[in-house]
Amino acid sequence: MSLERISGSWRDPSGHVYEQDGRIFRSVTEHGRALYEAARDQGVLDYAIKHKFLVGCTELPKRMWPIGILGAAYVLEHPRIPYVSYPYEWTFEQLQAAALHHLDFQLALLARGFKLTDASAYNIQFLGSQPIFIDALSLSPYKEGEYWLGHQQFCEQFLNPLLLRAVLGVTHNAWYRGSLEGIPSTSLNKLLPIKKYLSWKMISQVVLPARLEEQAILAPASAIDKVNSKSAKKGLSRLAYQGFLTQLRNWIAQLHPRVTGKTVWSDYAKYNTYNDEGKSEKQRFIEEFVSSVRPQLLIDLGCNSGDYSVAALKSGAHYVVGFDFDQNALSSAYARARQAENSLNFLPLWLDAANPSPDQGWQQIERSSFKVRANADALLALAFEHHLAIAKNIPLSQVVEWLVSLAPQGIIEFVPKEDETIQRMLALREDIFVNYNLEAFEEALNGCATIVDRLNLPDSARVLLRYQVKVL
Amino acid sequence: MNRFFISTLVLLMAISGNAYAYLDPGTGSMLMQSLIGVIAAASMTASLFWGRIKIAFYKFSGKASASKPDEDSPEK
């Protein structure tokens with residue numbers, strides 16, 4: 001396969017990221033040479049990698065450079081991130097973990113005379129449940145007196161979305177997805193209640209920057225003069241730089257989502273419609289499938305708190321990405337992945353399956369769509385299809401086609417109309433789903449794959465169908 | 001009258017457009033840091049000082065946490 005430049009890698013002239021045959025390379029240009037050499041030669045890069053702040057990187061000898069990288073001073077190779085995710089797909093806890101990772105990394109760098117040049121949340125990815133910084137060229141030597149230039153970006157991409165949920169109980173995902181650079185302080189300031197004036201943290205990190213920003217927009221020349229004035233030119237002492245980082249770290253570590261009641265699925269694991277026998281039969285069927293396939297990447301749609309994702313990992317799946325719409329279920333799933341011994345290779349993410357993440361950003365390719373990234377080896381879609389076919393009126397055949405397009409093999413559970421959950425969905429609306437039945441589901445599945453196994457769940461009319469895409 | 005109104009509107013649009021386009025997006029944040037950097041530094045000094053008092057207290061009372069932290073460990 002030819003060398004491809006990663007579409008989101010264009011902002012920084014210090015280097016670019018490329019992909020070839022599943023391998024990830026980063027060029028360091030002449031522009032970035034000095035900063036890279038400083039971080040490498042002073043042992044900061046090795047320190048950051050050793051302490052799992054930064055993704056691994058190996059400097060390649062020239063003879064091993066992939067053909068097609070032009071104008072590079074160095075070429076590095078990084079281990080591949082199994083599934084790239086974006087902050088608008090993360091839960092509150094994942095965004096919080098990413099924010100703390102950024103601040104901890106900055107504090108550790110500052111102690112070694114270095115800093116991060118920006119505060120983009122997109123520079124953090126998850127390896128299972130563990131956040132990791134991915135841009136080796138964001139490190140640069142700290143100069144006494146300089147301002148924290150990434151501060152506003154940090155607030156917009158980490159702090160403000162977290163405060164939106166912690167103070168107002170509103171999730172960040174939809175807003176963040178529509179505004180890829182995060183939530184502006186000027187907007188958040190307008191929404192925060194009056195008690196913000198009682199908190200120094202709120203005043204210093206949201207109200208004051210927002211007011212100053214508004215003033216600066218109205219009178220730019222005067223704002224520039226103020227920044228260039230004698231007193232401001234002295235800059236920020238190292239202690240103050242460290243103070244801002246530490247204050248934000250302590251604050252963010254204490255934030256919790258504001259409790260606004262139970263969500264739809266938070267008690268699902270306790271109060272679902274299966275009996276114990278049904279559950280164990282279902283689990284056995286899934287384990288049999290996963291252990292025979294041993295997928296590198298398995299997608300678990302409607303993962304809830306991750307019961308079957310964990311079962312899949314134990315049965316031989318290497319990496320599981322779970323998707324769900326419910327924030328509380330995802331929080332439980334993430335906590336489970338984090339608290340497990342050695343943390344699990346399980347990444348739960350927020351997804352509205354009827355409106356998944358699109359290709360967007362600059363030239364509409366900067367951030368990839370769910371469809372582009374979801375190239376899995378195996379799929380689990382358990383008790384999921386009716387949330388599209390019934391709740392969203394999407395024709396059953398389209399739902400099946402979409403599911404099968406995500407992985408060449410998998411298990412899909414069919415939930416019949418007489419099932420309690422569908423009866424509840426239809427309790428207050430007209431039943432317009434005359435063609436929603438097992439026969440129609442099987443026909444649709446047979447149209448794009450072969451049904452290779454099935455399990456009729458005991459004491460329920462639900463059916464699990466294992467499919468395999470036909471090889472032409 | 002109409003001409004005056006339109007030219008005023010155009011001027012206003014030009015002013016606000018310029019203001020937004022030519023100003024560094026971090027200006028508000030830089031002004032904030034220059035204004036309250038001293039307070040951040042003072043609170044950091046206080047917390048470092050408090051940390052030393054705590055270490056001295058632990059050493060005095062002989063608790064295990066007074067042991068010297070690993071030099072190579074990340075600052076968390």
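This is a predicted model: local features need pLDDT of at least 70, side-chain atom pairs count only at pLDDT 80 or more; totals for chains, interfaces and linings use all residues.

**Salt bridges.** I counted salt bridges over all chains and got 21 by the rule used here. Side chains of opposite charge can pair when their charged atoms come close. I picked one pair to look up, Arg373(A) with Glu89(A), and found their closest N and O atoms 2.6 Å apart. I then checked where the two partners sit, and they are 284 residues apart, so I noted this as a link between distant parts of the chain. Arg373(A) belongs to helix α14 (residues 370-373) of chain A, while Glu89(A) is in the loop between β5 (72-78) and α3 of chain A.

**Chain A against chain B.** Next I went to the interface. The size of an interface is often given as the accessible area lost when the parts come together. Here I get about 2800 Å² buried between chain A and chain B, with 72% of it on carbon and sulfur atoms. I looked for salt bridges between chain A and chain B and came back with zero. For polar contacts across the same interface, I have three residue pairs, both partners at pLDDT 80 or more.

Which helices of chain A supply at least two residues each to the side that touches chain B? My list reads α2 (44-50), α3 (92-110), α4 (151-168), α7 (200-218), α8 (220-228) and α10 (238-254). The largest share comes from α7(A), with nine residues. By class, I sorted that side of chain A into 22 nonpolar, nine polar and five charged residues. I also wrote down the contact totals: 36 residues from chain A and 28 residues from chain B.

Rolling a probe the size of a water molecule over the atoms shows where empty space is left. I found one cavity of 30 Å³ or more, and the largest cavity holds about 40 Å³ of space. Its lining is Ser14(A), Gly32(A), Leu35(A), Tyr36(A), Ala136(A), Leu137(A) and Leu139(A). Helix α1 (residues 30-41) of chain A gives the most to this lining, three residues. I classed the lining residues as five nonpolar, two polar and no charged.

Conventions: Residues are numbered from 1 along each chain as its sequence is written. Chains are lettered from A and ligands numbered from 1 in the order in which they are written. Side-chain values use heavy atoms; hydrogens and water are left out. On a 1 Å grid over the protein atoms alone, a cavity is a set of points where a 1.4 Å probe fits but cannot get out, and a pocket is an open set with protein on both sides within 12 Å along at least five of seven lines; lining residues have an atom within 4 Å of a point. Grid points are joined across faces, edges and corners, and a volume is the space filled by probe spheres set on the points. Helices (H or I, at least four residues) and strands (E, at least two) are DSSP runs, numbered from the N terminus. Ala, Val, Leu, Ile, Met, Phe, Trp, Tyr, Cys and Pro count as nonpolar, Asp, Glu, Lys and Arg as charged, and the others, Gly among them, as polar. Contact means heavy atoms within 4.5 Å. Buried area is the accessible area (1.4 Å probe) that two parts lose on being put together, summed over both. A salt bridge is a side-chain nitrogen of Lys or Arg within 4 Å of a carboxyl oxygen of Asp or Glu. A polar contact is a pair of N or O atoms within 3.5 Å; within protein, one must be able to donate a hydrogen and the other to accept it, and residues adjacent in sequence count only if both atoms are side-chain atoms.
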